[in-house]
Amino acid sequence: MQGASTSIGYGLKYQARCIADVKADTDHTSFITGTLSLKEENEVHLIRLDSGGTELVCEGLFSHPSEIWDLASCPFDQRIFSTVFSSGESYGAAVWQIPELYGQLNSPQLEQIASLDSHTGKIKSVLWWPTGRHDKLIGVDEQNLLVWSLDSSKKTAQVHSKESAGKLHSWTGGSWDPLDLNAVALTSESVIQLWDLRTMKMSSSLERAHARAVDYDPKKQHILVTAEDESGIRVWDLRMPKFPIADLPGHAHWTWAVRCNPEYDGLILSAGTDSTVNLWFTSVRSCDTPESPTELGTRRANPLLHAYSDYEDSVYGLAWSTREPWMFASVSYDGRVVVESIKPHLSRK
């Protein structure tokens, strides 16, 4: 049972597929996760690592009206988060606020700050402005990219700009570049589209990229990591979009999520339907810095640092801790949250 010595578990009542780091909580290592039950009332759990680093404690448990398919925490206010939810055939999205005295209330209720209800297609994800305090967030549905202006004090959200995917593509998600706040990568069936938010136009694309998820490298500009539709993981330099600059083996089944570490250069997490989370190290360089054949061979020889296989179901949700970047949380479909430390493997980078 790999990784059991450092893992800390927490059980949800129902199935789940998304988890997020509470980036704005600078005093605690915190995560927020939500459930995916069609028949029961769903829940949002605010969980924190205790001061000893040995137990996950539930700091807040809140009812949520529908299945939670996507969840993201506000980067500047630890009590605010967004969800994408579904009630059968209909999809929606909203921004919520945790009540201020939630720890002292018997049955605290989430307060809906704003409904992101101008989406005409099936909404897939909500992306927050990557860093600092800002009123902009992005909604991605199958056919439209919407930039919203959020006013949490007035509890309103208005569409700032909107553009369509066109008839040939259907978007499935995306990622906002933390090093270029005008750049967004959007996934579709067979291509990754790179959009410029200043013009609301596609600036470039990665063809034949069948990606289920994407994440920008927060340490290196122009670097994008993709979870391929089947099993592999690819690393791209967006200035050379025709071919990836690195291929990682991925998973034995579908690779569903990828996350670049917020602090340690070259560390990547991936999760898949093979009930495994993999920790990778890839020393890719941008096209400005050529590699020698020896470096290239070493990099591709053994990029897998560790496989965490202490799961009994598919793993869909992954989140690095911003406060303690050697920690990450995952959630498997059976509702099991696991927090792990990668410290034992940092010396092997």
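Q: By class, how many nonpolar, polar and charged residues does the lining of the second largest pocket have?
A: The lining of the second largest pocket has 6 nonpolar, 5 polar and 4 charged residues. Please keep in mind as we go on that this is a predicted model.

Q: Which residues of the lining lie nearest the centre of the second largest pocket?
A: Look for Asp180, Ala183, Leu194, Ser203 and Leu238, which lie nearest the centre among the 15 residues that line the pocket. You can also read the lining by strand: at least two residues each come from strand E15 (183-187), strand E16 (191-196) and strand E17 (201-207). The largest share, 3 residues, is supplied by E16.

Q: How do strands of a sheet pair, and in what order do the 4 strands of the open sheet stand?
A: In general, strands of a sheet pair through backbone hydrogen bonds, in either a parallel or an antiparallel way. In this structure, an open sheet has 4 strands in the order E6-E7-E8-E9, with antiparallel pairing. Strand E6 (67-73) and strand E9 (111-115) are its edge strands, each pairing on one side only. On average, neighbouring strands of this sheet are turned by 30° against each other, direction ignored.

Q: How many bridges join strand E8 to E9?
A: Strand E8 (residues 90-97) is joined to E9 by 4 bridges, and the two run antiparallel. To find your place, look at valine 95, which stands opposite alanine 114 in E9.

Q: Is strand E2 buried or exposed?
A: All 6 of the 6 residues of strand E2 (residues 16-21) are buried, so E2 is largely enclosed by the rest of the structure. E2 pairs with strand E3 (residues 30-35) over 5 bridges in the antiparallel sense. Within that pairing, aspartate 21 stands opposite phenylalanine 31 in E3.

Q: Are cysteine 74 and cysteine 260 buried or exposed?
A: Buried means under 20% relative accessible area. Cysteine 74 has 0% relative accessibility, so it counts as buried. Cysteine 260 is also buried, with a relative accessible area of 10%.

Definitions and conventions: Residues are numbered from 1 along each chain as its sequence is written. This is a predicted model: local features need pLDDT of at least 70, side-chain atom pairs count only at pLDDT 80 or more; totals for chains, interfaces and linings use all residues. Side-chain values use heavy atoms; hydrogens and water are left out. On a 1 Å grid over the protein atoms alone, a cavity is a set of points where a 1.4 Å probe fits but cannot get out, and a pocket is an open set with protein on both sides within 12 Å along at least five of seven lines; lining residues have an atom within 4 Å of a point. Ala, Val, Leu, Ile, Met, Phe, Trp, Tyr, Cys and Pro count as nonpolar, Asp, Glu, Lys and Arg as charged, and the others, Gly among them, as polar. Two strands pair if DSSP finds at least two bridges between them. Axes are lines fitted to C-alpha atoms, for helices over the stretch in contact, and angles run from 0 to 180 degrees between N-to-C directions. Buried means under 20% relative accessible area, exposed over 50%, partly exposed in between (1.4 Å probe, protein chains only).
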